[in-house]
Amino acid sequence: MLNDEERRDLIAYRIEKAWRVFGEAKDNAKLGHWNLTGNRLYYAIFHMCQALLLSVKETPRRHAGMIHKIGQDFITTGKIDPSYGRLISRLYELRQSGDYDDKFDATEEEVMPYFEKVEHLLTDMQKLSLDLSMQEGPVENV
């Protein structure tokens, strides 16, 4: 169980990690590694979503659980833009295909349009995470 200070520290770490992984996506795009770029874009979002969920004391263990909780707690309630739900799902699919489908190769045309959208999502979720993280109380199952 985390106390409030530990929870805020972990939220800050996950936010920092999300931005670091976003930088890795940019680096891989410069090299033309499009499957890996899609992977890093998804994981940048994943880490920021984990920070956001931890800010409201939620700690899903699986990717599907994270996507579901973001939809349930933030998209359907209007706290974040509904287009972010579609973006998360699309990048999850792109990551899955790039990592596991034998004959899938992402292209520059497919991946590059996501950068601006991901950057907006990260910025919006970071602000919301930090605002919500000021809530008091313990967190279980981290």
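Among contacts in the protein chain (heavy atoms within 4.5 Å) between residues at least 6 apart in sequence, 72% join residues at least 24 apart. This is a predicted model, in which local features need pLDDT of at least 70 and side-chain atom pairs count only at pLDDT 80 or more, while totals for chains, interfaces and linings use all residues. Residues are numbered from 1 along each chain as its sequence is written, and side-chain values use heavy atoms, with hydrogens and water left out.

**Fold and burial**
- The protein chain has six helices and zero strands, where helices (H or I, at least four residues) and strands (E, at least two) are DSSP runs numbered from the N terminus.
- Buried residues (under 20% relative accessible area, with exposed over 50% and partly exposed in between, using a 1.4 Å probe and protein chains only) make up 46% of the 142 residues.

**Salt bridges**
- The structure holds nine salt bridges, each a side-chain nitrogen of Lys or Arg within 4 Å of a carboxyl oxygen of Asp or Glu.
- Arginine 20 and glutamate 16 meet in one of them at 3.0 Å, N to O, and these residues are separated by about one helical turn because they lie four residues apart in helix α1 (residues 4-30).
- Aspartate 73 and lysine 69 pair at 3.4 Å, N to O, and both residues are buried.
- Arginine 90 and glutamate 110 pair at 2.7 Å, N to O; arginine 90 lies in helix α4 (residues 82-100) and glutamate 110 in helix α5 (residues 108-111), so the pair ties together parts that are 20 residues apart in sequence.
- Salt bridges that share partners join Glu58, Lys69 and Asp73 into one network.
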